[in-house]
Amino acid sequence: GVGVGVVSEVEDVVGKKHMSFMDRLKNAYTPLSLRKGFEDDLEKEREEQKRREEAFRNSELVTRARSIGFSDGDVKETINTTMSVGMMGFFVGGLMTIGKSAEQYKLENHNTKYYSQRQMQSDLNIHVLRNFFRGGAGFGIKTAAFVGGMTVVGKVVEKERGKKDAFNSIVGGTLVGSLFGLSKGIKGIPKGLWLGFAASSVFGLLAQSKYWLEDYTEKLRKEEEHHPSNGLQEEEE
């Protein structure tokens with residue numbers, strides 16, 4: 001009964017932990033449908049996905065977004081875009097600091113005596129890695145904040161205009177860029193405005209390309225629905 005079930009579960013866990021390398025490799029190339037417990041795992045994954053979707057729809061963020069006319073899809077798109085660009089900004093910002101931090105460390109410690117070359121290289125690597133995360137985090141947060149703000153303002157403009165085009169992103173980026181410039185004083189507004197305009201223009205063109213592709217795909221789908229027999233006639237000929 002219960003004891004047998006517990007023992008079998010324990011044996012399964014122990015067996016997985018003590019699987020040989022070849023068994024693990026063989027299992028990795030086994031089709032998912034043939035693996036033991038695949039259907040149960042798939043069902044659990046579906047239930048977990050449903051719970052996450054339900055929690056997302058009932059979250060305070062989505063509720064507030066709905067109050068200003070945002071759909072659940074708009075919220076997801078904004079979050080995904082902000083996170084993706086923020087991660088890219090993190091790596092770009094970190095890479096930009098590597099060369100400078102290495103040169104700075106060498107200049108500041110050229111008179112420092114080390115026990116060995118290995119110790120010096122180790123300290124240098126730690127210093128560079130620390131600055132990589134520090135610079136990456138700073139640049140990534142700024143990039144994510146800019147893109148997130150631009151996307152939100154762009155969505156608001158889109159709702160007011162009733163159109164999906166590059167203009168929405170350009171307006172959002174220009175306004176958010178002005179706010180970023182304002183953090184450096186009144187004189188920083190023009191610079192922030194132009195930087196925001198330039199960056200949002202790139203995003204706007206990418207968004208416009210996406211809209212054109214979506215419209216073209218939708219047009220092809222409608223043509224296929226209205227003339228489903230054309231393809232069959234061509235094949236018969």
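**Surface patch and salt bridges in a predicted model**

User: In this predicted model, is M96 buried or exposed?
Analyst: M96 is found in helix 5, residues 72-108. Its relative accessibility is 53%. A residue counts as exposed when the value is over 50%, so M96 is exposed.

User: Which residues make the nonpolar surface patch of about 270 Å²?
Analyst: M96, at 53% relative accessibility, counts as exposed. A patch takes in residues with over 30% relative accessible area. The nonpolar patch that includes M96 is made by V92, M96 and F139.

User: How far apart are the closest N and O atoms of E48 and R52?
Analyst: E48 and R52 are 4 residues apart in helix 3, so about one helical turn separates them. E48 is partly exposed at 30%, and R52 is partly exposed at 40%. The two form a salt bridge, and their closest N and O atoms are 3.8 Å apart.

User: Is D165 buried or exposed?
Analyst: The side chain of D165 meets that of R161 in a salt bridge, at 2.9 Å from N to O. R161 is partly exposed, with a relative accessible area of 32%. D165 has a relative accessible area of 17%; buried means under 20%, so D165 is buried.

Technical notes: Residues are numbered from 1 along each chain as its sequence is written. This is a predicted model: local features need pLDDT of at least 70, side-chain atom pairs count only at pLDDT 80 or more; totals for chains, interfaces and linings use all residues. Side-chain values use heavy atoms; hydrogens and water are left out. Patches are made of residues with over 30% relative accessible area and no salt bridge: like charges are joined within 9 Å, nonpolar side chains (Val, Leu, Ile, Met, Phe, Trp, Tyr) within 5 Å. Accessible areas come from the Shrake-Rupley method with a 1.4 Å probe; for residues, only the protein chains shown count as cover. A salt bridge is a side-chain nitrogen of Lys or Arg within 4 Å of a carboxyl oxygen of Asp or Glu. Helices (H or I, at least four residues) and strands (E, at least two) are DSSP runs, numbered from the N terminus. Buried means under 20% relative accessible area, exposed over 50%, partly exposed in between (1.4 Å probe, protein chains only).
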